[in-house]
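Subject: Structure for your files

Hello,

Here is the structure you asked about, followed by notes on what was found in it. Please keep the two together.

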Amino acid sequence: MTIGERLRQCRLNKGFKHQMDLALRCGWKNSARICNYEKDVRVPRPRDAEILACVLKTTPSYLIFGVTSE
(Lines give C-alpha, C1' and ligand atoms only; values in the text may rest on other atoms or scores of the structure.)
Protein backbone atom coordinates (compact mmCIF):
# COMPACT_ATOMS: atom_id res chain seq x y z
CA MET A 1 0.00 0.00 0.00
CA THR A 2 1.32 3.47 -0.89
CA ILE A 3 1.41 6.59 1.26
CA GLY A 4 -1.47 7.99 -0.73
CA GLU A 5 -3.55 4.86 -0.28
CA ARG A 6 -2.93 4.82 3.48
CA LEU A 7 -3.79 8.50 3.76
CA ARG A 8 -7.00 8.08 1.78
CA GLN A 9 -8.00 5.04 3.80
CA CYS A 10 -7.39 6.86 7.09
CA ARG A 11 -9.26 9.94 5.86
CA LEU A 12 -12.32 7.93 4.89
CA ASN A 13 -12.19 5.79 8.04
CA LYS A 14 -12.26 8.96 10.16
CA GLY A 15 -15.31 10.28 8.33
CA PHE A 16 -13.69 12.93 6.15
CA LYS A 17 -15.69 12.34 2.98
CA HIS A 18 -13.94 15.11 1.06
CA GLN A 19 -10.28 16.04 0.91
CA MET A 20 -11.22 19.63 1.72
CA ASP A 21 -12.71 18.51 5.04
CA LEU A 22 -9.35 17.09 6.09
CA ALA A 23 -7.41 20.06 4.71
CA LEU A 24 -9.46 22.51 6.77
CA ARG A 25 -8.97 20.44 9.95
CA CYS A 26 -5.22 20.54 9.25
CA GLY A 27 -5.35 24.32 8.95
CA TRP A 28 -4.70 24.45 5.21
CA LYS A 29 -6.56 26.79 2.85
CA ASN A 30 -7.28 24.24 0.12
CA SER A 31 -7.12 20.53 -0.58
CA ALA A 32 -4.27 20.60 -3.12
CA ARG A 33 -1.78 19.07 -0.66
CA ILE A 34 -4.15 16.27 0.28
CA CYS A 35 -4.88 15.61 -3.38
CA ASN A 36 -1.17 15.46 -4.27
CA TYR A 37 -0.41 13.21 -1.32
CA GLU A 38 -3.26 10.82 -2.11
CA LYS A 39 -2.22 10.64 -5.77
CA ASP A 40 1.38 9.95 -4.64
CA VAL A 41 2.56 13.00 -6.59
CA ARG A 42 4.22 14.37 -3.45
CA VAL A 43 5.45 12.86 -0.20
CA PRO A 44 4.35 14.71 2.94
CA ARG A 45 7.04 16.76 4.64
CA PRO A 46 7.71 15.64 8.22
CA ARG A 47 5.65 18.50 9.71
CA ASP A 48 2.71 17.79 7.37
CA ALA A 49 2.89 14.09 8.28
CA GLU A 50 2.71 15.05 11.96
CA ILE A 51 -0.31 17.29 11.38
CA LEU A 52 -2.11 14.67 9.30
CA ALA A 53 -1.37 11.93 11.82
CA CYS A 54 -2.66 14.07 14.69
CA VAL A 55 -5.92 14.91 12.91
CA LEU A 56 -6.38 11.31 11.71
CA LYS A 57 -5.48 9.82 15.13
CA THR A 58 -2.63 7.73 13.78
CA THR A 59 1.16 8.05 13.61
CA PRO A 60 3.43 9.63 11.02
CA SER A 61 5.24 6.26 10.82
CA TYR A 62 2.05 4.56 9.73
CA LEU A 63 1.23 7.17 7.11
CA ILE A 64 4.72 7.28 5.61
CA PHE A 65 6.01 3.74 6.08
CA GLY A 66 2.97 1.64 6.98
CA VAL A 67 4.56 0.80 10.34
CA THR A 68 2.18 0.14 13.19
CA SER A 69 3.32 -0.02 16.79
CA GLU A 70 2.41 -3.31 18.41
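The side chains of Asp48 and Arg33 are joined by a polar contact of 3.0 Å. A polar contact here is a pair of N or O atoms within 3.5 Å; within protein, one must be able to donate a hydrogen and the other to accept it, and residues adjacent in sequence count only if both atoms are side-chain atoms. This is a predicted model, in which local features need pLDDT of at least 70 and side-chain atom pairs count only at pLDDT 80 or more, while totals for chains, interfaces and linings use all residues. Residues are numbered from 1 along each chain as its sequence is written, and side-chain values use heavy atoms, with hydrogens and water left out.

Asp48 is found in helix H4. Helices are DSSP runs (H or I, at least four residues), numbered from the N terminus. With a relative accessible area of 7%, Asp48 is buried. The cut-offs are under 20% relative accessible area for buried, over 50% for exposed, and partly exposed in between (1.4 Å probe, protein chains only). Not counting residues up to four places away in sequence, Asp48 touches Trp28, Arg33 and Tyr37, where contact means heavy atoms within 4.5 Å.

The other residue is Glu38, in helix H3 (residues 32-38). Glu38 counts as buried because its relative accessibility is 13%. Its side chain makes two polar contacts: one of 2.6 Å with the side chain of Arg11, and one of 2.8 Å with the side chain of Gln19. Leaving aside neighbours within four places in sequence, Glu38 is in contact with Gly4, Leu7, Arg8, Arg11 and Gln19.

**Helix H1**

Which residues of helix H1 (residues 3-13) are buried? They are Ile3, Gly4, Arg6, Leu7, Cys10 and Arg11. Seen down the axis of H1, these buried residues fall within an arc of 165 degrees, so they line one face of the helix. The arc is that of the directions from the helix axis to the C-beta atoms. In an α-helix there are 3.6 residues a turn, so residues three or four places apart point the same way. The cover over the buried residues of H1 includes helix H2 (19-26), H3, helix H4 (46-56) and helix H5 (60-65). Just after H1 comes Gly15, with a positive phi of about 90 degrees.

In H2, the buried residues are Leu22, Ala23 and Cys26. Viewed down the axis of H2, they fall within an arc of 100 degrees, so they line one face of the helix. The face turned away from that buried side carries the exposed residues Leu24 and Arg25. H1, H3 and H4 are among the elements that cover the buried residues of H2.

H4 has its own set of buried residues: Asp48, Ala49, Ile51, Leu52, Ala53, Val55 and Leu56. These pack against H1, H2, H3 and H5.

How do the two helices meet? H2 and H4 pack at an angle of about 105 degrees, with their axes 10 Å apart. Axes are lines fitted to C-alpha atoms, for helices over the stretch in contact, and angles run from 0 to 180 degrees between N-to-C directions. H2 and H4 are therefore roughly perpendicular to each other; angles of 65 to 115 degrees count as such. On the H2 side, Leu22, Arg25 and Cys26 meet Ile51, Leu52, Val55 and Leu56 of H4. By class, this contact has 6 nonpolar, no polar and 1 charged residues. Ala, Val, Leu, Ile, Met, Phe, Trp, Tyr, Cys and Pro count as nonpolar, Asp, Glu, Lys and Arg as charged, and the others, Gly among them, as polar.

**Loops and positive phi**

Gly27 follows H2 and has a positive phi, near 90 degrees. Gly27 lies in the loop between H2 and H3 and is exposed, at 62% relative accessible area. Gly27 and Ile51 are 24 residues apart in sequence and 9.0 Å apart in space, C-alpha to C-alpha.

Most residues other than glycine have a negative phi. Asp40 has a positive value, near 60 degrees, and is not glycine. Asp40 lies in the loop between H3 and H4 and is partly exposed, at 38%. Lys57 is not a glycine either, yet has a positive phi of about 55 degrees. Lys57 lies in the loop between H4 and H5 and is exposed, with a relative accessible area of 66%.

Regards

Conventions: Angles under 35 degrees count as roughly parallel, over 145 as roughly antiparallel, 65 to 115 as roughly perpendicular and the rest as oblique.
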